[in-house]
Amino acid sequence: MKITYTGRQVELAPAQLKKLQTRFSKISKLLDGRRECEGHVILSLERHLHHAEVTVNYYGHQLVGVGSNGDLFTAISGAAEKLEKQAVKAREKWRDTKRAPKAAKSPAAPEPPVAAEEEEEAEQGEVFRVNHHEKRKPMTLDEAVLAMEKGQDYLVYRDAETDRVSVLVRRRDGNFDLVQG
């Protein structure tokens, strides 16, 4: 990684530059892939507070780490830590994206037959989606029993007393079971 330093009212000693190069070497290992990245460090002094801003352009994304402290080297280290976190996150996003190979299908190619197991799984049960956003008001147990009179077999609701999700299930004999979460 090629790093450019700009100091506004601040100058760095050669020993400090060497320490910073080792600090940024870990970040460069994360970011440098097929091409070398360029970093820009801006140092400024505001009264007795040192500001450090590190900017790296990584495949069209700006990674920026900002640090402030009374000590110049601590401010730069804070900015480098923030930049390192962003670099790890950007690298994981890039690595974990679903990338499928581009395979051209010919229109005459037959589709593979569906396995018998998959057909059986489809016939066994259905998945029912519950709309949680329709009624958000918490209910008491009595209100939930009244709502069950509409002919539903179960009801998922938020209990007004405990503020937890509960499930009220109608048994085959007509009685109710309450499952509290």
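What percentage of the 181 residues of the protein count as buried? In this predicted model, the figure is 24%. The accessible surface was computed as well: the protein exposes about 14300 Å², of which 51% is supplied by carbon and sulfur atoms.

The secondary structure consists of four helices and seven strands. In sequence order, these elements are arranged as β-α-β-β-β-α-α-α-β-β-β. When contacts in the protein between residues at least 6 apart in sequence are considered, 37% of them join residues at least 24 apart.

The largest nonpolar core comprises 24 residues. Within this core, the residues with the most contacts are Phe24, Ile27, Leu31, Leu43, Leu63 and Ile76. At least two residues of the core are supplied by each of α1 (14–31), β2 (38–46), β3 (49–58) and α2 (72–96). Helix α2 accounts for the largest share, with eight residues.

The surroundings of Phe24, one of the residues with the most contacts inside the largest core, were examined individually. With residues up to four places away in sequence not counted, Phe24 touches Ile3, Tyr5, Val41, Val54 and Ala80.

Key: Residues are numbered from 1 along each chain as its sequence is written. This is a predicted model: local features need pLDDT of at least 70, side-chain atom pairs count only at pLDDT 80 or more; totals for chains, interfaces and linings use all residues. Side-chain values use heavy atoms; hydrogens and water are left out. Buried means under 20% relative accessible area, exposed over 50%, partly exposed in between (1.4 Å probe, protein chains only). Contact means heavy atoms within 4.5 Å. Accessible areas come from the Shrake-Rupley method with a 1.4 Å probe; for residues, only the protein chains shown count as cover. A nonpolar core is a set of buried Ala, Val, Leu, Ile, Met, Phe, Trp, Tyr and Cys residues joined through side-chain atoms within 4.5 Å.
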